[in-house]
Amino acid sequence: QFFGCPSFHIPGRCFPVSVEYAEKTKRGYMKAAVDKAVWVHCHEDMGHILIFLTGQEEIEQACNLLAKKLDDLHEDGVDMPDVVILPMYAALPSGLQQRIFHEAPEGVRKIVISTNICETS
């Protein structure tokens with residue numbers, strides 16, 4: 001205890017993580033991150049995707065771009081799992097922030113696009 005104050009222990013959950021970095025800094029890193037997420041979604045085994053970006057506007061742009069690219073692929077007949085795209089940043093209402101913790105339905109990949117707020121969540 002710290003000066004007689006109660007302490008709380010909140011257990012976390014651990015998941016296997018694969019980290020991938022760009023080989024070199026790119027000017028259009030947001031678009032490059034979206035393109036990488038599309039590639040992973042179409043070619044890799046099931047598992048969720050977490051993308052870190054710098055702020056709310058960039059995250060919203062990335063979510064919209066990703067949704068458009070995946071819709072275009074679906075319309076072109078590309079066979080891929082369903083996906084749910086979730087933004088995460090501090091100014092997002094808490095009810096919407098909580099969606100990242102909900103279980104995805106079977107066969108659905110979550111793609112979370114976030115600021116560094118997710119590093120500790």
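Here are some numbered notes on the structure above, written for a first read.

1. Before anything else: this is a predicted model, where local features need pLDDT of at least 70, side-chain atom pairs count only at pLDDT 80 or more, and totals for chains, interfaces and linings use all residues. Residues are numbered from 1 along each chain as its sequence is written, and side-chain values use heavy atoms, with hydrogens and water left out.

2. Start with the overall layout. The protein chain has 3 helices and 3 strands, and from the N terminus on they run α-β-α-β-α-β. Helices (H or I, at least four residues) and strands (E, at least two) are DSSP runs, numbered from the N terminus. The C-alpha atoms fill a box of roughly 65 × 35 × 30 Å, taken along the principal axes.

3. Now look at strand 3, residues 108–114. Strand 1 (49–52) pairs with strand 3 in the parallel sense over 4 bridges, and strand 2 (residues 82–88) also runs parallel to strand 3, joined to it by 7 bridges. For pairing, DSSP has to find at least two bridges between two strands.

4. Is strand 3 enclosed or open? 7 of its 7 residues are buried, so the strand is largely enclosed by the rest of the structure. Buried means under 20% relative accessible area, exposed over 50%, and partly exposed in between (1.4 Å probe, protein chains only). Val108, Lys110, Val112 and Ser114 point one way from the strand, and Arg109, Ile111 and Ile113 point the other way. Across the protein chain, 28% of the 121 residues count as buried.

5. The largest nonpolar core has 18 residues, and Ile51, Leu53, Leu66 and Ile113 have the most contacts inside it. Helix 1, strand 1, helix 2 and strand 3 each supply at least two of its residues. A second, separate core of 5 residues includes Met88, Ile100, Val112 and Cys118. Such a core is a set of buried Ala, Val, Leu, Ile, Met, Phe, Trp, Tyr and Cys residues joined through side-chain atoms within 4.5 Å.

6. Setting aside neighbours within four places in sequence, isoleucine 51 is in contact (heavy atoms within 4.5 Å) with Ala33, Ala37, Ile111, Val112, Ile113 and Ser114.

7. Next, the charged pairs: there are 2 salt bridges, each a side-chain nitrogen of Lys or Arg within 4 Å of a carboxyl oxygen of Asp or Glu. Lysine 69 meets aspartate 35 at 2.8 Å, N to O. Lysine 69 is in helix 2 and aspartate 35 in helix 1, so this pair ties together parts that are 34 residues apart in sequence. Lysine 68 pairs with aspartate 72, with the closest N and O atoms 3.0 Å apart. Those two are 4 residues apart in helix 2, so about one helical turn separates them.

8. Finally, step outside. Valine 17 sits in the segment before helix 1 (29–43) and counts as exposed because its relative accessibility is 66%. Histidine 43, in helix 1, is exposed too, at 52%. What is the distance in space between histidine 43 and glutamate 57? They are 28 Å apart, C-alpha to C-alpha, and 14 residues apart in sequence.
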